[in-house]
Amino acid sequence: VQLQASGGGLVQAGDSLRLSCAASGRIFSSSVLAWFRRAPGKEREFVARIRWSRSTTYYTDSVKGRFTISRDNAKNTVYLEMNVLKPEDTAVYYCAAGSQYSSSPLDYNTWGQGTLVTVSS
């Protein structure tokens, strides 16, 4: 499977943005899709994940209540709805696929190319 992330852009603090991650190829029912991000000068960090088959979700504390991960099986697409964006959300966002319900990037073997989100204050 290949992943293509899109939807990034420049927004102001408090705005919303929706990222999409389109998958080409078969996504197995046991797969886990996730979003990670890398802010300037920082390590890549986990943001959210979702089980492809059951829609079980999990979020890092800093985005709980503001971000929502979802998937559309028919479109083979995972979304990250981001609300009440803050300057500290500025990062390159990556979608990833793996087989472990994990927050570690090491457990994801397929990555999209990243999409830049910039939040101005």
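Let me begin with a term: contact, or touching, means heavy atoms within 4.5 Å. What I present today is a predicted model, in which local features need pLDDT of at least 70, side-chain atom pairs count only at pLDDT 80 or more, and totals for chains, interfaces and linings use all residues. Residues are numbered from 1 along each chain as its sequence is written, and side-chain values use heavy atoms, with hydrogens and water left out.

I turn to the strands. Helices (H or I, at least four residues) and strands (E, at least two) are DSSP runs, numbered from the N terminus. Two strands are said to pair if DSSP finds at least two bridges between them.

Four strands form an open antiparallel sheet, in the order E1-E3-E8-E7. Strand E1 (2-6) and E7 stand at its edges with a single partner strand each, so one side of each lacks a neighbour in the sheet. On average, neighbouring strands of this sheet are turned by 15 degrees against each other, direction ignored; the axes behind this value are lines fitted to C-alpha atoms, for helices over the stretch in contact, and angles run from 0 to 180 degrees between N-to-C directions.

Within this sheet, consider strand E8, residues 77-82. Is E8 largely enclosed or largely open? Five of its six residues are buried, so E8 is largely enclosed by the rest of the structure. Here, buried means under 20% relative accessible area, exposed over 50%, and partly exposed in between, with a 1.4 Å probe and protein chains only.

E8 is joined to strand E3 (residues 17-24) by six bridges, the two running antiparallel. Strand E7 (residues 67-72) also pairs with E8 in the antiparallel sense, over six bridges. Val78 of E8 is the bridge partner of Cys21, and Arg71 stands opposite Val78 as well. Ser70, in turn, has Tyr79 of E8 as its bridge partner. The hairpin of E7 and E8 has four residues between the strands, and Asn76 there takes a positive phi near 55 degrees.

E4 and E5 pair antiparallel over seven bridges, with Val32 partnered by Arg51 of E5. In their hairpin, which has five residues between the strands, Gly41 takes a positive phi near 75 degrees. E5 is also joined to strand E6 (residues 57-59) by three bridges, again antiparallel, and Ala48 has Tyr59 of E6 as its bridge partner.

The Arg49 side chain does make a polar contact with that of Ser103, at 2.5 Å. A polar contact is a pair of N or O atoms within 3.5 Å; within protein, one must be able to donate a hydrogen and the other to accept it, and residues adjacent in sequence count only if both atoms are side-chain atoms. Not counting residues up to four places away in sequence, Arg49 touches several residues, among them Val32, Thr57, Ile69, Tyr101 and Tyr108.
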